[in-house]
Amino acid sequence: MSTSQAIKSKNVGYTHFVSLPLTLPDEMVTKLNNFKNSVLQTNKGLGIDKSIFIKPNTLHLTVQMLKLWNTNRIEAAADVLRRVSTKVMDALERRPVYIRLKGLQCMPDRGTPPKAYVVHAPLEVIGGIDRLKRACQVIVDAFVEAGLVLEKDANRGLLLHATLMNAGNSKSSKTSGKTEPFDARTIFAQYGSEEWGECYIREAHLSQRFVYDGNGYFHCCASIPFPEEKQGAFPMMKNFFQKMFSTAK
């Protein structure tokens with residue numbers, strides 16, 4: 001199979017993706033770990049095991065999935081990401097990006113609560129999501145222009161989310177090669193409106209799937225910075241955001 005055929009083949013999986021790693025405060029890490037432990041304890045026998053939970057140190061937003069099957073394509077993708085750094089900074093108006101995760105949703109094309117495959121936490125961007133969407137679109141457009149994105153992926157549209165549970169990661173799925181859904185109805189009933197917390201996005205990565213660096217996050221093939229967090233700004237913005245939402249209730 002040629003490289004071009006491999007890239008287009010439905011039977012060949014994605015090798016890399018553009019990700020936005022999330023910098024989590026300690027209390028958010030604790031909440032996510034407690035969520036996993038509680039779900040495992042109360043949902044025994046429903047097709048849920050610990051392998052389907054996303055580890056807090058790998059929590060991220062996915063911008064674009066990629067099939068990069070040789071060194072040349074990986075280097076080309078890394079170059080594309082680096083070249084858009086200034087445009088991304090401009091799209092973000094050179095201001096730090098803080099997000100808030102709340103609730104649960106199933107991916108639109110990946111099941112429903114009774115038969116869930118991927119469960120994610122929707123996000124809200126403090127100060128409005130438009131800046132982040134514009135920055136991500138700059139990245140996506142650059143990869144499409146470079147011919148590194150499948151047509152079906154290019155037409156899918158941007159859905160920023162933080163995956164919390166993925167049935168494709170289950171031990172049984174990896175053994176059998178078939179992904180089975182899980183019953184998430186009790187999970188949605190208990191955590192459907194959960195406020196997971198606020199976090200900060202410090203950079204964008206070209207990440208390699210299934211390979212991890214020493215910090216536990218996906219192997220970084222290339223990265224570009226996001227606007228730096230100002231010292232003391234995160235707690236201040238967090239308090240502002242909490243006050244705004246408590247007033248709205």
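Me: Which residues have the most contacts inside the largest nonpolar core?

Reply: A nonpolar core is a set of buried Ala, Val, Leu, Ile, Met, Phe, Trp, Tyr and Cys residues joined through side-chain atoms within 4.5 Å; buried means under 20% relative accessible area (1.4 Å probe, protein chains only). In this predicted model, the largest such core has 61 residues, and Ile 99, Leu 132 and Met 165 have the most contacts inside it. Helix H5 gives the most to this core, with 7 residues.

Me: What may one rely on in such a model?

Reply: Local features need pLDDT of at least 70 and side-chain atom pairs count only at pLDDT 80 or more, while totals for chains, interfaces and linings use all residues. Residues are numbered from 1 along each chain as its sequence is written, and side-chain values use heavy atoms, with hydrogens and water left out.

Me: Which residues of H3 and H5 meet?

Reply: Helices are DSSP runs (H or I, at least four residues), numbered from the N terminus, and contact means heavy atoms within 4.5 Å. Ala 77, Val 80 and Leu 81 of H3 meet Ile 139, Ala 142 and Phe 143 of H5. The residues of this contact comprise 6 nonpolar, no polar and no charged, where nonpolar covers Ala, Val, Leu, Ile, Met, Phe, Trp, Tyr, Cys and Pro, charged covers Asp, Glu, Lys and Arg, and polar covers the others, Gly among them.

Me: How much of the protein chain is buried?

Reply: Of its 249 residues, 45% are buried.

Methods:
Helices (H or I, at least four residues) and strands (E, at least two) are DSSP runs, numbered from the N terminus. Buried means under 20% relative accessible area, exposed over 50%, partly exposed in between (1.4 Å probe, protein chains only).
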